[in-house]
Amino acid sequence: MAYVATRGGERAIEQAERLFRSELGEIAPERVAEVKSALPYLIDRVMGEASLYDEDLAALALAQTGGEMFEAVLLLRAWRTTQPRMQVARPVGQEALFTHRRISAAFKDIPGGQVLGPTLDYSHRVLATAVLEGETCAPAPVDPAAEPSPAFQPSVAAWQADNGLVDLPPRDETAPEDIPDVTREPLLFPAKRAHTLQSLARAETGGALALGYAAMRGYGQAHPTVNELRLSEAEIVVKHPKGTEFSAGRVKVSQAEVVSKKGEKLDLGFAATLGWNEVKCIAAATLDLNSKGAPKGAPTEEEFFLYHTEGVESSGFCIHFKLPHYVTFQSSLDAMRDANSKRKKAQEPAQ
């Protein structure tokens with residue numbers, strides 16, 4: 001039996017791409033607009049993993065790839081690298097976030113109060129099959145609160161620090177333009193704190209969840225309690241070349257703080273990302289919480305989870321295995337045949 005290499009040429013490759021695109025059909029501005037309006041949380045996820053906040057481009061990437069997440073994120077990251085960096089935005093503190101949702105599993109009465117905001121947390125998960133029969137699923141109108149919650153909320157961790165429950169990390173006075181950027185520098189270990197948080201911010205959601213879940217189930221050193229989970233909008237303030245500062249608009253951001261008892265105080269884990277993505281932030285914050293002192297090779301070791309939640313690299317390495325490996329595979333077969341031949345000769349009776 002022999003293995004024959006599959007042959008393919010430029011025309012076959014071109015036609016394969018045409019087949020993929022023909023099955024998607026025409027991509028018109030209307031389709032991009034529909035993706036953008038109908039799938040806001042998927043748009044947020046793509047923007048977060050791509051490190052690029054642009055809802056139109058994220059919708060276009062999803063439309064262009066048929067919803068293939070890894071390809072969509074790769075498209076956005078590739079496009080991002082072609083763009084000039086014109087300004088670095090002013091840092092945004094938690095207190096300056098325009099908050100839509102803010103909850104805590106640690107304290108019921110946190111300063112500022114809890115804000116449920118938009119969520120399905122307390123809903124029945126029932127598929128609206130009537131839509132497939134021609135009916136329209138219209139949401140019930142929202143009754144406005146008699147007294148709206150404050151748009152800007154204080155930090156729960158800061159309140160805990162004031163009460164001696166947690167030690168906050170020292171304030172980083174690095175100028176914004178001098179903050180290490182993981183999109184322009186290699187990720188080395190031990191990682192810079194900025195690189196760790198940036199890598200978690202653009203981590204692949206499924207990967208962060210898988211490793212974070214492992215830590216929650218007992219493969220980590222600390223069990224998390226959600227200290228504060230916040231969905232909000234951050235105002236982007238940049239400086240004009242003439243020196244004046246102005247707002248370039250708002251972007252949606254998510255952040256999560258998780259805590260665990262450590263001695264007489266609470267240990268703190270943190271993660272944030274572009275867009276609204278609660279699951280990723282909680283899982284990533286759990287990994288951050290568990291990373292201190294994690295043994296080499298554990299899912300909660302920083303090097304392990306930062307490398308393995310990098311979606312573009314991991315998906316690229318995975319799918320490269322479907323590319324021709326004829327030479328290495330033939331080498332393995334030759335080695336197998338040689339071993340079998342030697343084994344048979346050794347089993348033959350001596351003449």
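Helices (H or I, at least four residues) and strands (E, at least two) are DSSP runs, numbered from the N terminus. The structure is a predicted model, in which local features need pLDDT of at least 70 and side-chain atom pairs count only at pLDDT 80 or more, whereas totals for chains, interfaces and linings use all residues. Residues are numbered from 1 along each chain as its sequence is written, and side-chain values use heavy atoms, with hydrogens and water left out.

The chain contains twelve helices and four strands. Along the principal axes, its C-alpha atoms fill a box of roughly 95 × 55 × 55 Å. Of the 351 residues, 32% count as buried; this term denotes under 20% relative accessible area, while exposed denotes over 50% and partly exposed the range in between (1.4 Å probe, protein chains only). The chain exposes about 22600 Å², and 59% of this area is supplied by carbon and sulfur atoms. Accessible areas come from the Shrake-Rupley method with a 1.4 Å probe, and for residues only the protein chains shown count as cover. Where contacts have a separation of 6 or more, residues 24 or more positions apart account for 62% of them; contact means heavy atoms within 4.5 Å.

The domain assignment gives domain 1 (14–82) and domain 2 (94–118 + 150–169 + 179–314), the bounds being taken from an automatic or database domain assignment. The C-alpha centres of domain 1 and domain 2 are 26 Å apart. Between them, 16 residues of domain 1 are in contact with 20 residues of domain 2.

The structure holds 22 salt bridges. A salt bridge is defined as a side-chain nitrogen of Lys or Arg within 4 Å of a carboxyl oxygen of Asp or Glu. Side chains of opposite charge can pair when their charged atoms come close. One of the salt bridges is formed by Asp-56 and Lys-36, whose closest N and O atoms are 2.9 Å apart. Asp-56 belongs to helix H4 (residues 55–65) and Lys-36 to helix H2 (residues 29–38), so this pair ties together parts that are 20 residues apart in sequence. Asp-56 is partly exposed at a relative accessible area of 45%, and Lys-36 is partly exposed at 31%.

A salt bridge also connects Asp-181 with Arg-85, with 2.5 Å between the closest N and O atoms. This pair links distant parts of the chain, 96 residues apart: Asp-181 is in the loop between helix H6 (156–162) and helix H7 (193–201), and Arg-85 is in the loop between helix H5 (69–81) and strand E1 (98–103). Asp-181 has a relative accessible area of 12% and is therefore buried, whereas Arg-85, with 42%, is partly exposed.

Glu-228 and Arg-102 form a further salt bridge, their closest N and O atoms lying 3.2 Å apart. Because Glu-228 lies in strand E2 (residues 225–239) and Arg-102 in strand E1, the pair ties together parts that are 126 residues apart in sequence. Both Glu-228 and Arg-102 are buried.

Ser-254 is located in strand E3 (residues 245–262). This residue counts as buried because its relative accessibility is 1%. The side chain of Ser-254 reaches the backbone oxygen of Gly-275 at 2.5 Å. This is a polar contact, a term for a pair of N or O atoms within 3.5 Å; within protein, one must be able to donate a hydrogen and the other to accept it, and residues adjacent in sequence count only if both atoms are side-chain atoms. With neighbours within four places in sequence left aside, the residues in contact with Ser-254 include Arg-230, Leu-231, Trp-276 and Cys-281.

Thr-196, in helix H7, is likewise buried, with 1% relative accessibility. Apart from neighbours within four places in sequence, Thr-196 is in contact with Ala-191, Glu-302 and Leu-306.

Two backbone features were also identified. Phe-189 and Pro-190 are joined by a cis peptide bond, with omega about 0 degrees, and Pro-190 is placed in the loop between H6 and H7. Ser-51, a residue other than glycine, has a positive phi near 60 degrees. Ser-51 is in the loop between helix H3 (40–50) and H4, and counts as buried at 19% relative accessibility.
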